[in-house]
Amino acid sequence: MNALISTAVFGIFLMISGLFIKSKQAIRILAISGVVAAFVLNIIDFRQYGASATELFHGMLSVTNFGLLFIEIILGCVLVYFLLSGKDLANIGHYTGEYFALIFFILCGVVLAATYGNMLMLFLSIEIMSIPQYILAGSDKHNLKSHEASLKYFLMGAFSTGFLLMGIALLYGATGSFDITTMNLAGRPIDAMALAGIILIAFALAFKVSAAPFHFWTPDVYDGAPTVVTSFISTIVKVGGFVAFIRLFHIAFGSPDVDKHWLLVLSIITAATLIIGNVTAVFQQSVKRMLAYSSISQAGFMLFAVIAMNVLSWQGILLYAAAYSLATIGCFAILMKMKDYTYDGYNGLAQKQPLLALMNTIFLFSLVGIPATAGFLAKYFVLSAAVEKGGLLWLVILAVCCAAISAFYYFRLIWAMYFKAGDCQVEEHAITPAFKSVLALTALLVIILGVWPGLILAWI
Amino acid sequence: MITVLLILVPLVTGLITFLLKGKTARAWAFISAIVTLVISIGCALTYQSNPASLTIDVPWITQLGANFHFGLDGIASVMCLLTGISYVVTFLSCWKHEFKKEQQFYGLMLLMQAGLMGVFASFDALLFYVFWELVIIPAYFLCSIWGGKRRIEVTFKFFVYTFFGSLLMLVGIMYLYFQTPGTHSFSWEAFKSLHLSSGQQSGLFWLFFIAFAIKMPLFPFHTWQPDTYETAPTPVTMILSAVMVKMGLFGVIRWILPVLPAGVAFWGHFVMILAVIGIVYASCLAIVQTDLKRLFAYSSIAHMGLMCAVVFSETEVGMQGVLIQMFNHGIIILGLWVVVEAIEQKLGTRDIRELGGLAIKSPKLAIAFLLVCLGNIALPLTSGFVGEFMMFAGLLQYSVWMMVVAGLAIILVAIYILRMLQKVIFGNFNELTEKIVDLKVYEWLALAVIVGLIFAIGIYPKPMLDILHHTTQSLLAMNMVP
């Protein structure tokens, strides 16, 4: 488990290095090289672990090549994130080393989420992911909204963590085990305690991935937190939450006589998430807030992977993690270069910065799910997973209707950039050739994954 | 291999066009269109001699069993030919038109051509869907950037309409995919040999058909069309009306008739009634239009409605008529747009009430206009007649009443076209039309090609019918409901 060790060590290292290294540039480069190192070390792990789970630390972790691949995707996305937005992260305040250290701790939590084999580790991973987020959300100390976001997030998050713990306790009471593979709920009638446990855990995880009706914190937190932080917590952390969700529900609660008890509940949560996310996003005037609601609606699509439970949904969540993270990180990176965060602030961007406008369009296409972008195949995989499962056709049709609605708010940005005349204000000095080329490579990656998903899927 | 070139040439040249400037881009796009036309002619000829060599099938997404499966049958090769001709004629007719950001305009046009060719040549459902969507993206930008007033709202309506329809089709494709035996497949052959219950088929029918009905457009899904045709720049309108709307009919022919025969048997009659209502409704609306573009837009709805009605009648002569009319209607409507574009370029208006007396001042334009209009009315010896005659014969075999009601369109089309002709090209010229100059060489050339095709096919349709014969036969053979 090189990834786990390297992210934890780098986190501590960066935290201490903040004491000695004063140059923001140096810390940023250190962090980037840390991600690259973790990326490479994780590749080395691939040879050791296969499709069947390998138990580590007495069953605390159960490592599969799916988990490793997921970590690889996450590390790749973080690398893109650092390259595009690392400077903005370093400039939130004075504590550059700490910001990067917190990111690495979150990564450590994501690695655990992708590999836990025990519910205690699940709890640990969710907490390691959450607590640095509370701090990061409030890291802009001179902004009242940032404080509000942090406090709100913390209170709600602590509440949902309580749910998670209670759920785990009830399940332990019912089954006598914390181990997700040997919990063995199937084959006997389910008692009320186990059922209550499953539902409580479902609600807690739904909260973490901002599924409706547990989404109310999302817009305020995403809007209030510094944009560069929002970019991170709405992508990497969210898909990290999803991998925890999907693994628990597929491995522990996935057998047919168990899933009938929670399938309808999660289907309704999915439907509500899709409708609320998409409809509310239509009415937003600020692009940042629109992206917050868009992240809710995208969560609705990712929930399909949780409820479908087949090979396609595993492949789907991998593709979705990559497609959604890359596109959203790209959108946010461009948003950070704008002086005005409203739709009108983008007016005429195509004249002023044609490359930025083009790349933003590709990212938005991917979020809508236009073919030949990664977003299309991601949506295709998760939706067809649900079709294969059967009995969920109503939900799939609802989802495509919502996808049509989502075209409205994503395309509004394209209208502003291409069809409306205006004088948008961008931070010219921040748009360096390096930034542009990383952005172009990211967009290229989105298209390549959309045409050739085998690039990811061939590994499992 | 040659089939792939149909898609690859416009795709690659289109991407290169973005890097060029102004007139170079225009010339480059024109050369590309000619090369594509030559390839599509080559395909049509190859289809007659050695159809198997047009098929290519290589793995694409192995996890799903999706393949790059391209091929051409009779109707597909004719549609590719139509696409090739349309692009050459379109580029000819706007040869002197100065678009702003010309390289982007021509680049997007060529990308759209790649998408269109892909739709016609795909034999893999997922691939078909990808190209189906890829057509709409360049069209969206073309209409939104270079369109007339209200272009953003109108084009977005057009986009959302078609996007919504195609997403439903995607659900249908997913469903069919999981019905295929063994390791699932998207291939047309696998879909065709499915045995679905009639309940499943009648549900799936609408998942697919809504997408195609919106594209055609069939009444009552047509509301995007007149607005879009009016606001889009005329070269784009030409491609939309000549080729893109045929995608809807083509989809029915490729993916509904062979795959869902019981669904067709169940819903066909209902759709035909909708189509016939649409024919009369659109024809009546066409009579009162004062804008030339809107008039032809409604005329196009009426013609597409007739084709849609007959395609579900499943008679041999009717089917043959539909297939040839898909080509003929494309050519005729192209001619109409060329004339509209010429008039608008010279006079700055498309309002019928402001025009008049064009025959005196610009005889070439008037003659060409008249001839194309006669094709639209379907006068004998024009290509329109061949198709319409066969279609009405097919409809008559199916139901006399339907034929009688749809036949009203024959009278109505004569009314609105002749009335329009009388106001626009005959009568006395006014202050505005006094100054009109006759057709430029390139416009004349474009119209000559069209008029030539209209009469060539009108007088001797056999070569075209030969190419389409096999498609008709296999469609009818497949559609025998057990």
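How much area is buried between chain A and chain B, and what percentage of it do carbon and sulfur atoms give? In this predicted model, about 3000 Å² is buried between the two chains, and carbon and sulfur atoms give 85% of that area. Chain A brings 37 residues to the contact, and chain B brings 32 residues. On the side of chain A, the residues that lose the most area to chain B are Pro371(A), Tyr380(A) and Phe419(A), which together account for 23% of what that side buries.

**Helices of chain A**

Helix H4 of chain A covers residues 96-115. Its 20 residues should span 28 Å at 1.5 Å a residue, and the end C-alpha atoms lie 29 Å apart, which agrees. Of the 20 residues of H4(A), 19 are buried, so this helix is largely enclosed by the rest of the structure. Thr96(A) belongs to helix H4 of chain A. With a relative accessible area of 5%, Thr96(A) is buried. When residues up to four places away in sequence are not counted, Thr96(A) touches Lys24(A), Ile27(A) and Ala90(A).

Two further helices of chain A pack against each other. Two packed helices are described by the angle between their axes and the distance between the axes. For helix H5 (residues 119-137) and helix H6 (residues 144-175) of chain A, the angle is about 175° and the axes are 9 Å apart. An angle over 145 degrees counts as roughly antiparallel, and H5(A) is therefore roughly antiparallel to H6(A). Residues of H5(A) in this contact include Met119(A), Leu122(A), Phe123(A) and Ile126(A), and those of H6(A) include Tyr153(A), Phe154(A), Leu164(A) and Leu165(A). By class, the contact of H5(A) with H6(A) comprises 13 nonpolar residues, five polar residues and one charged residue.

**Helices of chain B**

In chain B, helix H3 (residues 74-93) and helix H14 (residues 316-347) have axes that come within 10 Å and cross at roughly 5°. Because angles under 35 degrees count as roughly parallel, H3(B) and H14(B) are roughly parallel to each other. On the side of H3(B), the residues that meet H14(B) include Ile75(B), Val78(B), Leu82(B) and Val89(B). Among the residues of H14(B) that they meet are Leu323(B), Met326(B), Phe327(B) and Leu334(B). The contact of H3(B) with H14(B) has 13 nonpolar residues, four polar residues and no charged residues.

Helix H6 of chain B runs over residues 151-179 and holds 29 residues. The distance from its first C-alpha to its last is 42 Å, close to the 42 Å expected at 1.5 Å a residue. H6(B) is mostly covered, with 21 of its 29 residues buried.

Helix H10 of chain B (residues 234-244) contains Met244(B). This residue, Met244(B), has 0% relative accessibility and counts as buried. Leaving aside neighbours within four places in sequence, Met244(B) is in contact with Leu116(B), Val135(B), Ile136(B), Phe158(B), Lys215(B), Trp224(B) and Ile239(B). Computed along the sequence, Met244(B) and Ile210(B) are 34 residues apart, and their C-alpha atoms are 16 Å apart in space.

**Backbone features in loops**

| Feature | Residues | Value |
|---|---|---|
| Cis peptide bond | Ala212(A) and Pro213(A) | omega about 0° |
| Cis peptide bond | Met216(B) to Pro217(B) | omega near -10° |
| Positive phi | Ala372(A) | phi near 75° |
| Positive phi | Leu381(B) | phi near 80° |

Pro213(A) lies in the loop between helix H7 (192-208) and helix H8 (217-224) of chain A. Pro217(B) is placed in the loop between helix H8 (198-215) and helix H9 (224-231) of chain B.

Is Ala372(A) buried, partly exposed or exposed? Its relative accessibility is 21%, so Ala372(A) counts as partly exposed; buried would mean under 20%. Ala372(A) is found in the loop between helix H15 (354-368) and helix H16 (374-389) of chain A. Leu381(B), by its relative accessibility of 51%, counts as exposed. The loop that holds Leu381(B) lies between helix H16 (363-377) and helix H17 (383-398) of chain B.

Terms used: Residues are numbered from 1 along each chain as its sequence is written. Chains are lettered from A and ligands numbered from 1 in the order in which they are written. This is a predicted model: local features need pLDDT of at least 70, side-chain atom pairs count only at pLDDT 80 or more; totals for chains, interfaces and linings use all residues. Side-chain values use heavy atoms; hydrogens and water are left out. Axes are lines fitted to C-alpha atoms, for helices over the stretch in contact, and angles run from 0 to 180 degrees between N-to-C directions. Helices (H or I, at least four residues) and strands (E, at least two) are DSSP runs, numbered from the N terminus. Angles under 35 degrees count as roughly parallel, over 145 as roughly antiparallel, 65 to 115 as roughly perpendicular and the rest as oblique. Contact means heavy atoms within 4.5 Å. Ala, Val, Leu, Ile, Met, Phe, Trp, Tyr, Cys and Pro count as nonpolar, Asp, Glu, Lys and Arg as charged, and the others, Gly among them, as polar. The expected span of a helix is 1.5 Å times one less than its number of residues. Buried means under 20% relative accessible area, exposed over 50%, partly exposed in between (1.4 Å probe, protein chains only). Buried area is the accessible area (1.4 Å probe) that two parts lose on being put together, summed over both.
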